[in-house]
Amino acid sequence: MTTSESAVWFRNVSFSYNRSPVLENVNIDIPPNEFSSIVGPNGGGKTTLLKIILGAVQPDTGEVRVLGESPIRARPRIGYMPQYTRYDPHFPATVLDVVLMGRLGAGGINGLFGWHGREDRDQARAALREVEMADEWDRPFSVLSGGQRQRVLIARALCCQPKMLLLDEPTSNVDALAEEKLLAILQTLQSRMTILMVSHDLGFVSTVVKSVICVNRRVLVHPTSELTGETIREIYGGDFRMIRHDHRCSEQGHIHV
Amino acid sequence: MFEFVQALHDPGIPFLRYALFAGLLASVSFGVVGTYVVTRKISYIAGAISHCMLGGIGAALYVQTVIGWTWCTPMLGAVASALLAAVIIGLVSLRGQQREDTVIGALWATGMAIGLLFLANTPGYFDPMSFLFGNILLISQSDLWLVSALDILVAGLALLFHNKLLGICFDEEFTELRGVNAGGYYLLLICLTALTVALLVRVVGIVLVIALLTLPAAVAGHFTNRIRQMMILSIVLCMLFTATGLAYSYVFNLPSGPTIIVFAGAVYLIVTIVGRFMKWVSHS
């Protein structure tokens, strides 16, 4: 596959922070419309990988192409959903206010002052329909449940008609039911765009995701069908306990971590 | 209260009219910018900026009396030093090289110290108390013009760029990634905050002005979780606090700044306690 066709293409990318290497010699090639999960231990470089794709961080060496362009040029076509924990739960904004933030852009979607037009509102409502939150458009963001907020933040990311969706731990802080719903929504979106999702939860990974990007300084990409205990052990590099996620246990016997 | 209304018509005490006019006018900026400050959680930055204004006020008085530049009014000095402090704090927090809170603390104290040194070396007697806690006797008509002009500028800019300011208050990183110059708008927000606190420095003083920025928005936040309503309610509350405080201070012969702030603080306390109580009742 050539670089212009790949959604994300890394060649020999390295990045170090204060002289300690975070990512070493990374080569990845994610085809368009792939649904990939980025997994790995904390501090393994997941966030850095995400930031390089977004162009927020420049790698020390190597070459990066996102949607066939440099990350910064590709940025307007990337829908990004940051980690949930960063939001002030009391912030006074409505659902529509939040989604419309996805339409902001310098000289782009809505001009210098950032005033919204009919087109922006239509797009925002369409994005809300896609995450099944259309009826909640006028409710305050602060009164929503965790799962609903996550969906609103996905709608905000979808609002700019992205070719790729980057989600940073979308399943943290939501219950199992909300997680399932989120997953169903992402599955319907997958036919139209590449989805990269940082996840702690390997169970979440193996059922719907097509490939797994394992990040622990080195980066390895596995199709989910090949994912075995051995590969995971290699990536996490140490003692850990494997838990099967593809079956249901008793009421309290199975908690996602 | 009738006494107060009568006094407003008294040609012998124009400063009362000026103070009320300045208070009502500035309330628009205080309500709008105060809402951003409270939601972005930068009231400590507003505090540092307002205290720095003493440096500008002292310098302006010194220049006015010693060098003889009469146009260099304390109000102008307050505005200039507030903006300078805002730019320094803004750049420090954007660069992230220094510890932001250390720089804020340093500016806070140094600004005041510079002001006191200038005041000490300016011939004639200037009571620092009137700058620290406000003195409506000092309001001149030219101050009022400056307040009006700045008020229109601040409220205008804040409303014009509302969506972008809302974006950086809610999620700065995301807004930046959408291609908005988030750092620039953060700097704009801090500068607007600086101009706002300068507006009422005469009426409530540099120490107390911070309360008038945050309390109306904090009270409004108890009643609504929509930002536009919160702004409108903050404006109304700020007008109410300044007008009522001025009236009480006149009728009971109290200093105006503290009266306004105590009234605002009392309303905030009551609203918070009642809010907690209501929540407790509805949960049990």
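Mentor: Two strands pair if DSSP finds at least two bridges between them, and both strands (E, at least two residues) and helices (H or I, at least four residues) are DSSP runs, numbered from the N terminus. What you see is a predicted model, where local features need pLDDT of at least 70, side-chain atom pairs count only at pLDDT 80 or more, and totals for chains, interfaces and linings use all residues. Residues are numbered from 1 along each chain as its sequence is written, while chains are lettered from A and ligands numbered from 1 in the order in which they are written.

Trainee: Okay, how many bridges join E8 and E9 of chain A?

Mentor: Look at residues 211-216 for E8(A) and 218-223 for E9(A), which run antiparallel. Ile213(A), for instance, sits opposite Val221(A) of E9(A). The bridges joining E8(A) to E9(A) number six.

Trainee: And which residue is in the turn between E8(A) and E9(A)?

Mentor: E8(A) and E9(A) make a hairpin, with one residue between them. That turn has a positive phi of about 70 degrees, and the residue is Arg217(A).

Trainee: There's an open sheet of three strands in chain A too. What is its order?

Mentor: Start at the edges, which are E2 (20-30) and E4 (61-66) of chain A, each pairing on one side only. E1(A), residues 8-17, runs antiparallel to E2(A), and seven bridges join them; Phe10(A) has Ile28(A) as its bridge partner in E2(A). The pairing in this sheet is antiparallel, and the order in chain A is E2-E1-E4.

Trainee: Which helix packs on that sheet?

Mentor: The helix covers residues 46-54 of chain A and touches E1, E2 and E4 of that chain (contact: C-beta atoms, placed from the backbone, within 7 Å). Its direction makes about 120 degrees with that of E1(A), and its name is H1.

Trainee: Moving to chain B, at what angle do H8 and H10 pack?

Mentor: H8(B) spans residues 162-170, H10(B) spans 182-199, and their axes are 10 Å apart. The two are therefore roughly perpendicular (65 to 115 degrees). Lys164(B), Leu165(B) and Ile168(B) of H8(B) meet Ala182(B), Tyr185(B), Tyr186(B) and Leu189(B) of H10(B). The packing angle is about 100 degrees.

Trainee: Is Cys52(B) buried or exposed?

Mentor: Find it in helix H3 of chain B, residues 43-67. Leaving out residues up to four places away in sequence, Cys52(B) touches Ser81(B), Ala82(B), Ala85(B), Leu107(B), Trp108(B) and Gly111(B). The cut-offs within 10 Å are 20 or more other C-beta atoms for buried and 12 or fewer for exposed. Cys52(B) has 31 of them, so it is buried.

Trainee: How many residues has the largest nonpolar core?

Mentor: Such a core is a set of buried Ala, Val, Leu, Ile, Met, Phe, Trp, Tyr and Cys residues joined through C-beta atoms within 7 Å. Val99(A), Ala82(B) and Leu212(B) have the most contacts inside the largest one, and H11(B), residues 201-223, gives the largest share, 16 residues. Val99(A) has neighbours including Ala124(A), Leu128(A), Val152(A) and Cys159(A). The core's size is 166 residues.

Definitions and conventions: Axes are lines fitted to C-alpha atoms, for helices over the stretch in contact, and angles run from 0 to 180 degrees between N-to-C directions. Angles under 35 degrees count as roughly parallel, over 145 as roughly antiparallel, 65 to 115 as roughly perpendicular and the rest as oblique. Two residues are in contact if their C-beta atoms, placed from the backbone, lie within 7 Å.
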